[in-house]
Number of protein chains: 2
Amino acid sequence: MDLPNLKDDPYLQVLRPLVEAYLAFSRIDSRHIRSLRLTPSQFDVIVTLGDTTGLTCSQLSSQTLVTKGTLTGVLDRLETKGLIKRESVLGDKRRTKIKLTEKGGALFRKVFAAHIAFIRPFFARALSPQEVHTASTLLLRIRDSFQKGGQA
Amino acid sequence: MDLPNLKDDPYLQVLRPLVEAYLAFSRIDSRHIRSLRLTPSQFDVIVTLGDTTGLTCSQLSSQTLVTKGTLTGVLDRLETKGLIKRESVLGDKRRTKIKLTEKGGALFRKVFAAHIAFIRPFFARALSPQEVHTASTLLLRIRDSFQKGGQA
DNA sequence: TCACAATAGTCCGAATTAGAACTACCGGTC
DNA sequence: GACCGGTAGTTCTAATTCGGACTATTGTGA
């Protein structure tokens with residue numbers, strides 16, 4: 001990604017704060033996740049599987065930030081760590097059901113709450129509840145604009 | 001990164017929009033950059049070098065999203081493409097000055113404006129000028145909160 | 001019943017990523 | 001002048017990334 005030095009265009013002046021806010025968050029977020037002995041993608045998969053009875057690869061890919069091509073390797077490593085298991089799906093040999101193991105479920109319960117508790121104060125001291133609402137509204141509009149662009 | 005399903009906590013409810021807005025932008029941004037035959041990190045380095053007389057690796061690393069460890073390889077590949085050159089620094093054998101070549105300068109002038117023109121409309125249709133100001137202010141507050149946390 | 005389109009998941013190659021360890025070099029202090 | 005701490009850039013490892021190609025399987029329509 002780029003961080004061009006934009007001075008004149010008011011619209012583009014939201015670009016740098018968006019990227020900088022996200023990266024500042026991501027840096028802290030990723031560092032904490034790594035301290036839990038997981039990579040961000042592994043964490044993403046585990047918290048997405050938590051509280052479900054299992055998801056297929058397609059569902060996982062669409063509900064996480066891990067694309068199809070990358071997911072196989074992430075699941076391989078989680079399986080090697082004994083945190084997930086792959087189960088065949090009755091009636092459809094194409095599909096695989098991915099589930100957390102006992103060990104994976106225990107890890108999910110342990111790390112999820114810890115991570116939320118870790119992240120929450122950063123937002124709490126940055127914005128008032130009213131500002132949270134305003135920021136969310138504007139960010140969703142930006143998201144929607146780019147998502148429409150993707151379909152174009 | 002993670003996208004936990006957070007329902008109760010108003011502060012955390014800005015997390016998902018932030019991540020989703022950034023990723024939606026990044027997806028479009030990266031795709032356009034790739035269509036220019038560059039990777040996002042290569043683009044980042046080229047636009048950072050554009051309009052300078054050269055930067056050291058340390059300066060480049062701090063002004064782009066490419067960390068020190070990764071930068072060497074990115075510069076290697078840009079050098080192989082003939083877009084940058086490494087020059088020694090008089091009086092300090094530790095430092096290297098990275099400069100765009102003629103070819104690199106021509107590419108910079110060509111792709112930078114094209115990319116800005118490509119990205120601008122997405123933001124323009126999402127926010128009014130007043131909303132740009134509001135969004136920027138709130139995003140910078142989020143950034144600052146996480147950056148302080150990093151120093152802690 | 002068959003052919004074809006679509007889906008699911010894997011594999012692949014090139015590039016990137018983070019962070020630590022490493023070598024070479026410079027600056028400050030004694 | 002010697003020594004030590006700090007800086008600059010490189011190397012290394014394991015993991016990830018993207019997007020397309022691939023194989024196997026299922027669904028649809030004629």
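Visitor: How many residues of chain A are in contact with chain B?
Guide: The model is a predicted one. On the partner's side, 55 residues of chain B take part. The number for chain A is 55.

Visitor: Which helix of chain A gives the largest share of the side that touches chain B?
Guide: Helix 1 (15–35), helix 2 (40–49), helix 5 (102–126) and helix 6 (129–151) of chain A each supply at least two residues of that side. By class, the side has 35 nonpolar, 9 polar and 11 charged residues. The largest share, 17 residues, comes from helix 6.

Visitor: How are the two copies related?
Guide: Chain A can be laid on chain B with an RMSD of 0.1 Å. This takes a turn of 180 degrees and a shift of 0.0 Å along the axis. The two copies are thus related as by a two-fold rotation axis.

Visitor: What percentage of the contact residues of chain A recur in chain B?
Guide: The same surface serves both copies. The share of chain A's contact residues that recur in chain B is 100%.

Visitor: Which helix gives the largest share of the surface near DNA strand C?
Guide: DNA strand C is surrounded by 26 residues, and the closest are A:Cys57, A:Gly69, B:Thr39, B:Gly69 and B:Lys93. Two or more residues come from each of helix 3 (57–63) and helix 4 of chain A, and helix 2 and helix 4 of chain B. The largest share, 6 residues, comes from helix 4 of chain B.

Visitor: Which helix gives the largest share of the surface near DNA strand D?
Guide: Around DNA strand D there are 24 residues, the closest being A:Thr39, A:Gly69, A:Lys93, B:Cys57 and B:Gly69. Helix 2 and helix 4 (68–80) of chain A, with helix 3 (57–63) and helix 4 of chain B, each supply at least two residues of the surface. That surface divides into 4 nonpolar, 12 polar and 8 charged residues. The largest share, 5 residues, comes from helix 4 of chain A.

Visitor: Is helix 2 of chain B roughly parallel or roughly perpendicular to helix 4 of chain B?
Guide: The two helices, residues 40–49 and 68–80, pack with their axes 10 Å apart and at an angle of about 80 degrees. Angles of 65 to 115 degrees count as roughly perpendicular. Helix 2 of chain B is therefore, relative to helix 4 of chain B, roughly perpendicular.

Visitor: Which residues of helix 4 of chain B make the contact with helix 2 of chain B?
Guide: From helix 2 of chain B, the contact involves B:Ser41, B:Gln42 and B:Val45. The residues of the contact divide into 3 nonpolar, 2 polar and 1 charged. From helix 4 of chain B, the residues are B:Val74, B:Arg77 and B:Leu78.

Visitor: How many of the residues of helix 2 of chain A are buried?
Guide: Helix 2 of chain A is mostly covered. Its buried residues include A:Phe43, A:Val45 and A:Leu49.

Visitor: Is A:Ile46 buried or exposed?
Guide: A:Ile46 lies in helix 2 of chain A and touches A:Leu83, A:Leu100, A:Gly104, A:Leu107 and A:Phe108, not counting residues up to four places away in sequence. The cut-off for a buried residue is 20 or more other C-beta atoms within 10 Å. Because A:Ile46 has 23 of them, it counts as buried.

Visitor: Is A:Arg37 buried or exposed?
Guide: A:Arg37 is found in the loop between helix 1 and helix 2 of chain A. Although not a glycine, A:Arg37 has a positive phi of about 70 degrees. A residue with 12 or fewer C-beta neighbours is exposed. With 11 of them inside 10 Å, A:Arg37 therefore counts as exposed.

Visitor: What is the separation of the C-alpha atoms of B:Thr137 and B:Pro17?
Guide: B:Thr137 is found in helix 6 of chain B and is partly exposed, with 14 other C-beta atoms within 10 Å. B:Thr137 and B:Pro17 are 120 residues apart along the chain. Their C-alpha atoms are separated by 16 Å.

Note on methods
Residues are numbered from 1 along each chain as its sequence is written. Chains are lettered from A and ligands numbered from 1 in the order in which they are written. This is a predicted model: local features need pLDDT of at least 70, side-chain atom pairs count only at pLDDT 80 or more; totals for chains, interfaces and linings use all residues. Axes are lines fitted to C-alpha atoms, for helices over the stretch in contact, and angles run from 0 to 180 degrees between N-to-C directions. Helices (H or I, at least four residues) and strands (E, at least two) are DSSP runs, numbered from the N terminus. Angles under 35 degrees count as roughly parallel, over 145 as roughly antiparallel, 65 to 115 as roughly perpendicular and the rest as oblique. Two residues are in contact if their C-beta atoms, placed from the backbone, lie within 7 Å. Ala, Val, Leu, Ile, Met, Phe, Trp, Tyr, Cys and Pro count as nonpolar, Asp, Glu, Lys and Arg as charged, and the others, Gly among them, as polar. A residue is near a molecule or strand if its C-beta atom, placed from the backbone, lies within 6 Å of it. Copies are superposed by least squares on the C-alpha atoms of residues with pLDDT of at least 70 in both.
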